[in-house]
Amino acid sequence: IKNSGEDVKIVFVPNVFSPNGSEQNDYFSIYAGPEVRSISEFRIFSRWGEEVLHAYNTPLNFPTVGWDGRVNGLVMNPVVFAYWAALELVDGTTLIVKDDVTLTR
């Protein structure tokens with residue numbers, strides 16, 4: 001994340017995850033520094049725009065919390081998904097992050 005020309009890294013969002021039961025990168029999660037209080041809203045979309053996850057108040061910085069690559073209990077095939085998240089900062093402002101993530105197996 002850039003702020004006033006400086007490279008300020010308060011948020012890290014992986015661009016790939018592999019929910020294969022290896023206990024490494026099994027969940028798509030957002031990681032942030034102490035400047036971020038919470039993920040107030042988290043949305044993930046298929047490449048056709050179908051919403052596959054809509055969550056509120058998702059915990060930060062937990063590698064075993066987040067999206068597990070399933071939709072309605074069904075395992076999704078490897079593909080690229082878009083995400084959008086509203087992060088509540090400790091100063092009361094909201095930071096929107098959006099990009100894509102690749103699901104691999």
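**Strand pairing and overall form**

Strand β6 (residues 36-45) pairs with strand β10 (residues 79-89) in the antiparallel sense, over 8 bridges. Strands are DSSP runs (E, at least two residues) and are numbered from the N terminus. Two strands count as paired if DSSP finds at least two bridges between them. The model is predicted: local features need pLDDT of at least 70, side-chain atom pairs count only at pLDDT 80 or more, and totals for chains, interfaces and linings use all residues. Residues are numbered from 1 along each chain as its sequence is written, and side-chain values use heavy atoms, with hydrogens and water left out.

V36 has L89 of β10 as its bridge partner. F42 stands opposite A85 in β10.

Strand β10 also pairs with strand β11 (residues 94-103). These two run antiparallel and are joined by 10 bridges. Here W84 stands opposite K98 in β11. The hairpin of β10 and β11 has 4 residues between the strands. In this hairpin, G92 takes a positive phi near 95°.

Strands of a sheet pair through backbone hydrogen bonds, either parallel or antiparallel.

The chain as a whole has 11 strands and 0 helices (H or I runs in DSSP, at least four residues). Its pattern along the sequence is β-β-β-β-β-β-β-β-β-β-β.

The radius of gyration, taken over C-alpha atoms, is 14 Å. A compact globule of 105 residues would have a value near 13 Å, so the chain agrees with that expectation. The globule rule is 2.2 Å times the number of residues to the power 0.38. Along its principal axes, the C-alpha trace spans about 40 × 30 × 25 Å.

The accessible surface comes to about 6,500 Å² (Shrake-Rupley method, 1.4 Å probe). Carbon and sulfur atoms account for 50% of this surface. Contacts (heavy atoms within 4.5 Å) were counted between residues at least 6 apart in sequence. Of these contacts, 52% join residues at least 24 apart.

The chain carries 8 positive side chains (Lys and Arg) and 13 negative ones (Asp and Glu). His and the chain ends are not counted. The centres of the two sets lie 4 Å apart, with each charge placed at NZ of Lys, CZ of Arg, CG of Asp or CD of Glu.
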